[in-house]
Number of protein chains: 4
Amino acid sequence: MKVEQERSIARRQRIVDAALEVFSRRGYRDAAMDEIASEAETSKGGLYFHFPNKQAIFLALLDRTARLLRERAEEAITAHDGPLARLDAALLVVIRTFAGHRSLARLFLIEAFGAGREFNRRMAEIHAEFAELITRHLDEAVAQGAIQPLDTKLAGKAWFGALNEVVTAWVLDDEPGRLEDSYPALRVLLLRSVGVLEQEGPRTGV
Amino acid sequence: MKVEQERSIARRQRIVDAALEVFSRRGYRDAAMDEIASEAETSKGGLYFHFPNKQAIFLALLDRTARLLRERAEEAITAHDGPLARLDAALLVVIRTFAGHRSLARLFLIEAFGAGREFNRRMAEIHAEFAELITRHLDEAVAQGAIQPLDTKLAGKAWFGALNEVVTAWVLDDEPGRLEDSYPALRVLLLRSVGVLEQEGPRTGV
Amino acid sequence: MKVEQERSIARRQRIVDAALEVFSRRGYRDAAMDEIASEAETSKGGLYFHFPNKQAIFLALLDRTARLLRERAEEAITAHDGPLARLDAALLVVIRTFAGHRSLARLFLIEAFGAGREFNRRMAEIHAEFAELITRHLDEAVAQGAIQPLDTKLAGKAWFGALNEVVTAWVLDDEPGRLEDSYPALRVLLLRSVGVLEQEGPRTGV
Amino acid sequence: MKVEQERSIARRQRIVDAALEVFSRRGYRDAAMDEIASEAETSKGGLYFHFPNKQAIFLALLDRTARLLRERAEEAITAHDGPLARLDAALLVVIRTFAGHRSLARLFLIEAFGAGREFNRRMAEIHAEFAELITRHLDEAVAQGAIQPLDTKLAGKAWFGALNEVVTAWVLDDEPGRLEDSYPALRVLLLRSVGVLEQEGPRTGV
DNA sequence: GATGAATGAGCATTCATTCAT
DNA sequence: AATGAATGAATGCTCATTCAT
């Protein structure tokens with residue numbers, strides 16, 4: 001039993017991995033189940049044993065990615081003190097994660113929209129989640145008097161959008177530089193936008 | 001001849017109008033040439049007389065939209081003095097244009113990606129153009145001493161991204177409020193991000 | 001215009017003809033659209049231009065067949081006088097029609113059921129129509145005093161069923177004799193069942 | 001061993017029961033092995049342990065049903081004297097059996113055809129068997145002088161067909177009445193068709 | 001210029017059957 | 001005996017594109 005369950009989970013994993021590969025190579029619509037199957041070293045039927053349809057695979061991939069980002073961000077957050085430092089660390093971690101997984105970034109920021117009306121709601125939710133995370137910390141910063149009161153909801157969206165665009169441009173760049181290198185300047189802009197003029201960057205490694 | 005040319009141009013117009021309608025109703029992939037044809041009150045063959053293929057229609061639509069935005073932005077720009085005021089006016093005009101054409105916004109910000117790998121390059125260019133417009137004015141503001149030197153290229157992307165996200169969230173909102181209402185706060189954020197603390201909004205009408 | 005319409009109608013005809021061929025060769029479910037297409041010397045897309053789906057082709061075929069039978073039956077009916085003679089002529093015509101088109105009989109009596117729940121209602125209607133035709137004439141025979149009063153609704157079903165089974169057995173027979181040869185005896189049985197002991201057969205040719 | 005054999009037989013029973021349920025719910029083609037398995041509270045593998053394939057399950061069900069009908073009919077037959085009384089009793093028992101098992105009737109009279117070319121032969125046999133049972137008794141009635149000589153083979157088919165159609169119409173009726181109520185009138189028709197004008201109905205219970 | 005009929009490659013999905021455990 | 005994971009052939013349907021009229 002145990003063994004079989006583990007194998008089944010592993011197979012799902014492999015399918016989702018393959019899906020990432022194929023979706024980011026072809027885009028959602030042009031990705032054929034056949035190709036995902038062979039990339040996952042299984043058969044088309046195998047795919048349908050583990051997932052009800054193509055959409056479900058994409059959704060699983062989306063959720064896995066969102067979870068990964070969220071977990072890393074939260075980890076970074078708990079490792080720091082003070083709302084702005086935490087936010088700072090979280091954004092850096094997001095940048096770094098995408099920097100290390102360009103195809104994942106492409107999937108998350110580009111393919112996910114346009115994959116069909118059905119995904120728009122889910123993507124809106126994911127965007128909203130991240131924007132809210134930012135909003136929450138800005139609210140706390142306001143509460144602690146670290147920054148002046150402001151429309152934190154809007155700021156959450158704006159920060160997320162700024163980050164988003166920087167990463168998107170990097171994804172679509174034919175000869176991309178190092179994504180992480182954009183962060184320091186972006187950080188200054190974002191902090192200034194809420195009225196923080198100086199603050200040291202996070203001391204997280206590398 | 002003259003008359004026929006005009007008629008032909010009018011027909012193209014009607015097709016592109018129909019395309020906007022259908023693409024934003026269904027998304028690029030799910031929009032059928034049949035539906036565009038009937039929306040344009042012509043036949044499938046008629047479409048292919050005026051455009052070589054589906055992609056070309058979409059591209060024409062994209063370019064028409066980009067041109068519209070650019071023209072309006074430039075108009076606003078020439079109506080103002082000083083790089084920051086001009087930028088301010090341009091962004092406001094973009095916001096207002098999208099506010100008045102939600103389906104166009106959806107098309108431009110959501111469908112355009114995911115319409116297929118072939119469009120990504122074009123979209124990247126369009127994004128870049130707008131980011132560069134911002135960068136240009138920020139550069140000028142730096143040159144005039146209105147703001148402190150900064151990474152204006154990055155700031156261009158960030159500003160555009162912030163704007164983008166605010167509009168996107170509005171497009172995907174089931175019960176959207178008035179998009180224009182977000183602008184004043186966004187404006188403050190953006191200006192602050194480049195170190196400008198106070199500045200009156202543009203006096204553009206309504 | 002005229003020419004094109006005619007051609008279009010001819011094509012539909014050809015498709016329905018091909019469908020009869022293929023459905024009665026393979027049965028409804030095992031008939032592939034591909035095979036119907038090639039039998040009709042057109043392409044799969046062509047099929048779908050003229051019919052919305054497989055079911056619609058089958059239904060068109062069913063209706064065409066039912067219409068053919070009805071028309072021939074009515075023709076025979078108007079050529080005779082007296083309800084029993086008319087009925088007699090109608091049944092004979094049905095028998096003869098099936099005798100001349102074994103695959104059509106197979107389709108109509110065997111494939112049509114079992115082609116899927118969706119067809120059952122239609123088939124029930126068709127059966128009912130024929131049974132009612134019989135019932136109507138029996139009613140008239142009663143009204144004219146040619147036969148004693150009886151449950152004509154039930155008799156309609158029973159007569160139709162008897163006919164049906166005789167034809168079905170012939171269709172499924174590996175070495176079938178001449179279907180028409182069964183008619184005289186069947187005729188005697190049916191007439192006797194409503195109390196008519198003697199009556200000459202119809203004088204319709206061959 | 002004994003116990004295990006019994007268990008195995010019971011399992012087969014359960015599978016065939018489940019098959020009846022599912023086949024008459026969905027029709028042969030649309031019935032999935034998965035659904036039969038879960039209805040039988042076993043697994044797909046379990047099905048294939050007891051039967052070589054889907055067809056075999058259907059055949060087993062068909063044969064079980066035919067056997068049931070035959071046994072009940074024979075029972076009724078031996079309980080009566082005289083060929084016509086026996087026939088009468090047999091038909092009544094068939095009617096009553098179907099009346100009590102509508103899904104079984106649907107399966108036997110409707111799904112069984114159209115389940116695929118492979119079943120046609122078997123169904124033809126089953127029909128023939130019942131027709132022959134009728135023929136046999138009519139032959140005996142002729143031999144005993146109870147009825148005048150006639151084409152008893154044809155009459156067998158016709159009787160069976162009449163019965164068949166009455167039951168089929170009832171199966172396909174959305175708001176069916178009591179099937180048994182049709183029998184007395186049908187009986188009169190059938191008997192008259194072979195020249196018997198009066199005869200009391202069978203005295204079989206209820 | 002315009003039309004509508006035709007094409008055919010492409011694809012998601014289903015499902016009976018197999019088989020290692 | 002039983003399970004459930006895996007297989008892969010089969011198929012209805014879509015749709016951009018072509019082209020004779």
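How many nonpolar, polar and charged residues does the surface near DNA strand F have? By class, that surface has ten nonpolar, twelve polar and eight charged residues, and the account below, which rests on a predicted model, places this composition beside the protein contacts.

## Surface near DNA strand F

DNA strand F is surrounded by 30 residues, of which A:Arg11, A:Thr42, A:Phe49, A:His50 and C:Lys44 are the closest. Of the atoms of DNA strand F that lie within 4 Å of the protein, 62% belong to sugar or phosphate, while the rest belong to bases. At least two residues of the surface near DNA strand F are supplied by each of α3 of chain A, α3 of chain B, α3 of chain C and α3 of chain D.

Phosphate oxygens of DNA strand F are approached by the backbone of chain C, where a polar backbone atom of C:Ala31 is 3.1 Å from one phosphate oxygen and a polar backbone atom of C:Met33 is 2.9 Å from a phosphate oxygen. Chain D contributes a side chain, in that a polar side-chain atom of D:Ser43 lies 3.0 Å from a phosphate oxygen of DNA strand F.

## Surface near DNA strand E

Sugar and phosphate make up 63% of the atoms of DNA strand E that come within 4 Å of the protein. Sorted by class, the residues of the surface near DNA strand E are ten nonpolar, twelve polar and eight charged.

A base is reached by A:Lys44, whose side chain has an N or O atom 2.8 Å from a base oxygen of DNA strand E. The elements that give two or more residues to the surface near DNA strand E are α3 (44–50) of chain A, α3 (44–50) of chain B, α3 (44–50) of chain C and α3 (44–50) of chain D.

## Relations between the protein chains

Chain D is superposed on chain C by a rotation of 180° with 0.1 Å of shift along its axis, at an RMSD of 0.1 Å, and that is the relation of a two-fold axis. Because 100% of the interface residues of chain D are also interface residues in chain C, these copies meet through the same surface.

For the other pair, a rotation of 180° with 0.0 Å of shift along its axis superposes chain B on chain A, with an RMSD of 0.1 Å. The same surface serves both of these copies, as 100% of the contact residues of chain B recur in chain A.

## Interface of chain D and chain C

In this interface, 40 residues of chain D are in contact with 40 residues of chain C. The size of an interface is often given as the accessible area lost when the parts come together; between chain D and chain C the buried area is about 3,300 Å², with carbon and sulfur atoms giving 59% of it. D:Arg117, D:Glu165 and D:Leu189 supply 20% of the area that chain D buries against chain C, more than any other three residues.

Five salt bridges are found across the interface of chain D and chain C, and the side chains of C:Asp30 and D:Arg29 meet in a salt bridge with an N to O distance of 2.7 Å. Across this interface there are also 13 residue pairs in polar contact, with both residues at pLDDT 80 or more. On the side of chain D that touches chain C, two or more residues come from each of α1 (2–26), α6 (102–111), α7 (117–143), α8 (152–172) and α9 (183–193) of chain D, and the largest share, twelve residues, comes from α8(D). That side of chain D divides into 17 nonpolar, ten polar and 13 charged residues.

Conventions:
Residues are numbered from 1 along each chain as its sequence is written. Chains are lettered from A and ligands numbered from 1 in the order in which they are written. This is a predicted model: local features need pLDDT of at least 70, side-chain atom pairs count only at pLDDT 80 or more; totals for chains, interfaces and linings use all residues. Side-chain values use heavy atoms; hydrogens and water are left out. Copies are superposed by least squares on the C-alpha atoms of residues with pLDDT of at least 70 in both. Contact means heavy atoms within 4.5 Å. Buried area is the accessible area (1.4 Å probe) that two parts lose on being put together, summed over both. A salt bridge is a side-chain nitrogen of Lys or Arg within 4 Å of a carboxyl oxygen of Asp or Glu. A polar contact is a pair of N or O atoms within 3.5 Å; within protein, one must be able to donate a hydrogen and the other to accept it, and residues adjacent in sequence count only if both atoms are side-chain atoms. Helices (H or I, at least four residues) and strands (E, at least two) are DSSP runs, numbered from the N terminus. Ala, Val, Leu, Ile, Met, Phe, Trp, Tyr, Cys and Pro count as nonpolar, Asp, Glu, Lys and Arg as charged, and the others, Gly among them, as polar. A residue is near a molecule or strand if one of its heavy atoms lies within 4 Å of it.
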